[in-house]
Structures are given as C-alpha cells and as structure tokens.
Amino acid sequence: MELFRQTNIDFLRWKWWAIGASWALILVGLLAIFVQKGLRFGIDFAGGTQIALKFGSRPEIDHLRKILDAGNFGDTGIQRYEAPEKNEVLIRVQQQKKEGRDITADVLNLLRQGLGSQADAAKIDLNTQGRDSLAARLTAADPDQVAGKGGQTPADYYGRIAEQVIARRSQMGLFNSPSDAAGTPGLSSNVKTWLQANASTGPFVLLSAENVGPQVGADLRQKALWAVATSMAGMLVYIAWRFRSFPFGFGAVVATLHDTLITVGLLAIFQREFNLVVIAALLTLVGYSVNDTVVVFDRIRENLRTPKKEALEVVINRSINQTLSRTVLTSGATMLVVVALFFLGGEVLNTFALTLIIGIIIGTYSSIYVAAPIVVIWKQWTGRRKLAPVPAAKPVTPAPANPPAKKKSGRR
Amino acid sequence: MGKRLRWRVLLILLVVAGLVAGYVATGYSHAQKEWIGSGMPPFSDALKKGIKLGLDLRGGIHLVLQVNTADAIKAERDDAVEQLQSQARDGGLTLGAVEYPSEAAFTVGVTPQTDEKKLDEIVKRWLPDWNVGSAGGKWTFALKDQRRRETADNAVSQAVETIRNRVDEFGVAEPLIAREGAERILVQLPGIDDPKRVKDLIKSTAFLELKLVEQGPTTDKAALLAPYSGQVPPQFELVEEKAQSGQRQPGWYLVKKAAVITGRDLKNARPSRGQFGSSSVTFFLTASGAEKFSAATGANVGKFLAIILDHRVQSAPRIHERISDTGQITGNFTPEEANDLALVLRAGALPAGLTYLEERTVGPSLGLDSIRKGITASIAGALLVFIAVVVYYRRAGWNAVLALLLNAVLLLGAMSLFNATLTLPGIAGFILTIGMAVDSNVLIFERIREELRGGRAPKTAIENGFSKAFATIIDTHITVIISAIFLFQFGTGPVKGFAVTLIIGLLISVFTAVFVSHTVFEIEYGRKQHIDALSI
C-alpha cells in the first residue's frame, strides 16, 4: 500500500499564505490568553490545594459547597471528575494567605462532620484512615489476644491484618459498610466482631491530595521555563553544528517555538489547565517537532550535495515531496497512539494526550510550511542573490533513468 | 549465514537475554523483600515487581519541607548569651540588658565601670564565632558568616537524620529522605495513605522539657504575674497549657526557666496505659539524666512538675517521691497519639521547625486505576500501530513489529537494571519512545521503497535504504535526547521520570531500528543469491 507516490507539490508557492495562517493562529491564541487574563495555571504553578475524593453515592455538589463554606477557604472550586458513575469529585482551594493551616485536613474534617453520622465520630473511619492508624487501633484493642503469647509481636500481627483490609478497600474502591471490611478474607472472627463494633465507613475515600506552597509554585514555573529554554538552545546549537548552517538551526527553532505558541494558545481556548503534565507534553511536542524538521532538513542537505545547480527553493520543494509520505505516516502512527491515550488513558493523561494531538498536527504542518520556508526567506534576505526566482511547478523530480517502477505493493 | 551476520545475531541475543534476565532478577529481589512465606516468591510476583513504581502509580506521600534554619541560628545565639552571662558572672562582671536586633546578633549593655579588658578576654575565649563591636555603652555581637552557614547546614543535615529516624521507626518500606538544595528536604513514603498522621509525625519538633512549676495553672495571666509587679522574673517563664478538646481556655503556668531534664536525657520511650486505662507514654532516662532527675525530684517533693512538649505544658503531675530513671507523660491521648509521641521522643528532637512547601498524597486505589488505564492505553495504541504498519508495509511491516516489541521488552529490562522509577509521565514517555521507533522503521522502509523505485536491485535497495536512513535516524534521536537531557537537568519529579524513560527508550530504539531490523532483513534475504522482489 502506498499513500503518496512521487508527489510533486509546490509547497513553497503557498509559503506566504502559510505564514499568514500561522500568525493568525498565534494571535488568536494570544488573544484568548489575554482575554482570560493569563493562562489557567494548575496548582503546580499557582499554588493551592487540590483534593480528589470518591464517594459511595452520587455527591451533591451544592451540598458539599455549603459544607465547605464554613471553612472560610476563600476561592473554592468543586467539580465532578472522571466518569459520572464513579462518583468522583475534585475540590480546589486557593492559596491561603495565612500560612501553617493544614487545608487538606480541614477540608476532610469538615466534610466528614457534615456528611457522616454523629454516632460514628468515635469509631475509626476505614475509608479515610490508612493502614497504620488501623494497625495502631487493633494493636491497642488486641481482639485476638496475641500480646504476651510469644511468637510475633502484636504490631506485626495487626499490621498485616490492617494491610489486608486496606488492600481490599483499594480493590473495592470504597467500603459501603463495616461488613465490607469484615468480609476481608482470612480475618479471625474476633477481628471481624471488633471491626463491626469499632469501625465506621465514612462517606468518601481520599483518592489524592496535593498542596503546593507559593514558593514551590514559583520555583516550578521558573524551572519549567528554564527546561524549555535550555532544551531549545541545545537543539539550536546541535542542528546549526550538524548542518553547518545557522539558518537551518534558526528555522528549526522558529518552527518549534511556533508549535509551542500555537499549542499553548489552543489549550487556552479549550480552557485546559496548565500544569506539570502539560509541560511534559509540550516538551515531548518540542522533541517531535524537531524530529520532523530534522528529517526534512536532512533530505535538503543530501539533495544540496549533488553537483547540479538548482535554486534552493527547487531543492527544498523536492525534499519535502520526497519525505512527505514518511512525514504523514509517522504522524499518523504517533497519532494512533496518542488518540488511544486520549480515550483510554484516564483523566490525568487526557490533557497530556490532547496537547500532543494538537502538537502533532501543528508540528507536521510546521515542518513543511514553517521550518523550510524560513531557511529560504533567510537566505533571500541575507542577499544570496544567486538564487534565481523559481520557475513555478516545473517537474522537480527528474525522471529516473529506468522506467518508473510499477506499484510496489504489487510485487512479491 | 555469514560470519559477520552470526556475530550480530549473537550480540542481539546476548543483549536481549541479559536485559530479560536482569529484569527477572530485579523482580525477584524486589518480590523477596515483601514475601512473607517461605522459599522463593512466585514467578508472577517477580514479573510484576521488576520495575520500581513511582508514588503516582503505587500510592504514597510526597513531601517537600523547608527547614527554618533561623530557629537553629537563634538557638546558637541564645546559647552564646547564656555562655557570656554565666562567664561574666563567674568573673565578677555585671552586664546590662540584652537586646536582640536579629536572629544572628545581640547587644549587651556595658557600663563604664565594667572591666572591658576582662570582658574582652571572656569574649575571645568563649565566643570565638562572634564578631564584636562596641559603641555607645553597648557591645554588639554578630555571628560570623561562616559559622552561620555551618549552623544552618548542620540544622538541615540533623533534620534529615531525625526525620529518617522517625520514618524508620514508623516502619515504611523504601522511604526516600533526601536533602534538596540548601534548606529543603524531600520525603517520599510509598504505600502510606495517612497524610495527616505522617505529617504531624514528621513535623512535630518533639522538644521535651521537664520544669518545676512555681505558680499555676490559671487562665488569668495578670494574676499569675501580680506578685512580680506584672513582669516575668528572669529566672522564670510563662508557658501555656496545651489546648484540650472541650476545654474553654487553656491555662498558664509560671515555671522555672532552667529545665530539670530535656529530651536529650531520654534513653527510651514507649506507649503505655495510664491510671484510668487511658493511653500515656512512659520514658526512661540515661544515667546522667537519672542523676539530675532524682536530685531535683528529691528536693522538690510535693511540688508540681510541668511536662512541656514543644513549648506547651502537656501535663503537670505532683511529685510524690524521689523518682530516679523513669516517668510517665499523661494527657488526653488516643492510642495512635501515644504511639507517635513515644516514637518521636525515641527518634530525637528536630533542631529547627519545619514548614511544608509541597505535599502530594496518592491513595492506593487511584494508583491502581492509573496503572490499569496507562497499560490499557499503551497496549491499544501499540496494537493500532502494529496493524497500520503491517497493512502498509506487508511483510516488512512484521519486521517493524518485531523491532517494536523488542524495543518494549528491552526498555523494561533496561529500566529495571538502572533501577529507574516508572511514573505516569514515564508511561507517556514509553509510548512516545514507541512512536519514535516506528518513525525510524518508516524512514528506513520509505528509503528502501525509493531505492526500488529508482530501479535498484532489492539487495542494493535494502543496503542503501539502511545506510541513507541511518544519518537521519541518528540526527533525530540525538536532537530529542539532547532535549530530554535538559528536561532531566532542569525538570522536577514527574518531568524527570518522563525524561529518563525517553532517554533510555531512544537509545534502545536506535539499536532495534538500525541494528536489529537490518539483521533481520539480512537473515531473510541475505542467503539468497538473487531476490526478485521485496514485500515492502
């Protein structure tokens, strides 16, 4: 099978249109960022608290909000997370002015008090307490009377039991009643009775909690910027050295910057949050975009080595055509992977995948329409007037000495 | 098979066998640690545990703490003031009021009658780390920069040690406690899902002092100070009671400033049962501590002794008789609290306060979910790519599929050998590596097709295709590796995990795409003298 066979498209003919379109996209993105008063930074960069909870039954967002209002947290966002039937909720609390407050603990306490029953207050909440708390409680109560009997210490004995109970919770997602916990295989009847009497199952399980201080947020932002800036500089140097030509390095870096800017702009339009995962995606995209550009440049360099006197534009056009099939195929294959990630990878990888989907499309376009044209424009501006104006759409691929091969896939 | 070809096949088999064996061996060593039963853990466990999972995948707590080194410097300053005053007293000098303009400096009032020469000798002898100046009846002491840096540095290293002791006592498997930069400490505790408890445990300074009570407790601070005309006398200090739940207002104690014993005199501490079945902590003193304690309690029978933890009075029992080497701390403890207090007392006090800069907790169920989804997505993506490649390149496509599979296996093996940690972004890096590996194959196949189109014989086309694509593949891989190295250098946690996977994966991708694919082509077509056509 072949998608492209010896295409002969005069890509450079539309270079000014392409540059116009690129600028338009960049400006739209910048405008979106400007209108939204900056990027929507996630807590990684802005600081603050983010808590993901899984509830036993469908949570009422308004009710949760009312409960949390009592905490005076300031700006608080509550939204559903993942698929609705999973009953998961994401709570965000802004950076607090007063330091030293344990926001995660405060939020969880308020919710537990607001949603749980009073009778359960003294019992251990198996849904929010972890292995060690359960082990400590069991060790103190010692329902199986292992203390003083020799053999293993009570702490070890109950530690293992607690571990099994919590592992069962991870498997089930959440305990709906103490009986669920007592149903953990291998428990002695004493432990089961103890659990039924002394354990409660609160309304939610803590999936994750993140709290980033303002200092760290600023640090991460700076580090991310550094990472992007230095990796681009590194690539510029390598490409400029490898191709013995500054315009090539420059073209690659402009194309990469172009992709990054447009992708960031589009993420702003899609109202996606800007966090560390997006930075990782942007950096991947930088790698991909450069990869694409280098493949085209490599072919240009190879074609320039032939002794034939041809205009640079002709050579570039031919190179793009020759690599077109690989460009499209690779982008397509990568796209398959990223699309799988987008649909199956879950909430965390979702934004990562979206960033790459945008990035791959833009990156493929830019290695054809941005990187190479910039080399041409640069050389024209710096007065290499040897370049004759290009005769349009002349067959750029010289007919091979042999008759054109038949459709290859037919051969066997 | 030619001799050269045979060597190449051997090399490939060696690399594959080495990495697979490395993976299985690492898996066994990891599984062994958690294996409770006798004998070897099952093979399936070893397969699952070959790669260390990051906190985001296995669940756990990630903390970044800032050590408030100013606390340690302040303590150094207070020691110096103490030293200066006691030496001056011994030398018969009277010093004026002490003022504290900053945490690393203090001034002392010096009257004209004072023998300045003698004072100077004392300072030279006992306070060598301080720069001294005098002006307007005051001597100003400033901690020397070098000493200040050392103090801060020691405080951080000591805090790392203390936290490590506490975490070890807590019993966490494979904890990571590392210094990050000048004043930060990174703590990663896999498998722990009790953020509040761990945070309190790490952060509590656990500074224990036992001091004799002069007056109190009372909620009325003014009444307490009334006999001293409203001023706290120099040998005493005011300490607040620890707020108990249900109590309206905590009371105040007036206690002797000099502690009878401190946490440093402790030999051991363990949770115990108090009088009414409530939880308490019993402590045991070192020989020198017991000596001090027995003297002080013997001389003060009938008085109250305040047990002060982190500058709050925990309880103040009456001294019934001389106590020598053991005591009990009571209070409204839950069993967990008593457990943790005993733990931090055993592990030692922190030299300075800590502030949490960053904390991330991932529950075990979220980690499970992420792994499941990440793996599903990876397998689905890989399958799609395999189908596309085989449809497009026919028989040569299978060659690419083999290279990709090998790539995945080798990457897993290499990550396990380097003891690299797989994180969620790492899975993404893994997927992207596969993308780059596909690209290398596509580049080669397209080149071969072009050569065929140009009328070359199949064998020459393969050779030319590989050699021409080689430069491009090297270029693309090096460029991306360069960017990944910068990511690793300047990135943080998750970005680093991504970069590591990418770098290892790209190196392997060069090997599989260029070396292995080429060898497979040669095995397929090399023996034949003449090939009519390629399925590509």
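Helix H6 (residues 154–172) of chain A has 19 residues and, at 1.5 Å a residue, should span 27 Å; its end C-alpha atoms are 27 Å apart, so expectation and model agree. The expected span here is 1.5 Å times one less than the number of residues in the helix, and helices (H or I, at least four residues) and strands (E, at least two) are DSSP runs numbered from the N terminus. The structure is a predicted model, in which local features need pLDDT of at least 70 and side-chain atom pairs count only at pLDDT 80 or more, while totals for chains, interfaces and linings use all residues. Residues are numbered from 1 along each chain as its sequence is written, with chains lettered from A and ligands numbered from 1 in the order in which they are written.

The buried residues of H6(A) are Tyr158(A), Gly159(A), Ile161(A), Ala162(A), Val165(A), Ile166(A) and Arg169(A). A residue is buried if 20 or more other C-beta atoms, placed from the backbone, lie within 10 Å of its own. These residues pack against three elements of chain A, namely helix H5 (131–141), helix H7 (178–182) and helix H8 (189–198). After H6(A) comes Gly173(A), with a positive phi near 95 degrees.

Along the principal axes, the C-alpha trace of chain B spans about 110 × 60 × 40 Å. Buried residues account for 44% of the 536 residues in chain B.

And how do the two chains meet? The contact takes 73 residues from chain B and 72 residues from chain A, two residues being in contact if their C-beta atoms, placed from the backbone, lie within 7 Å. On the chain B side, H11(B) gives the most, with 18 residues. That side divides into 39 nonpolar, 18 polar and 16 charged residues; Ala, Val, Leu, Ile, Met, Phe, Trp, Tyr, Cys and Pro count as nonpolar, Asp, Glu, Lys and Arg as charged, and the others, Gly among them, as polar.

How values were computed: Buried ≥ 20, exposed ≤ 12 C-beta atoms within 10 Å, placed from the backbone.
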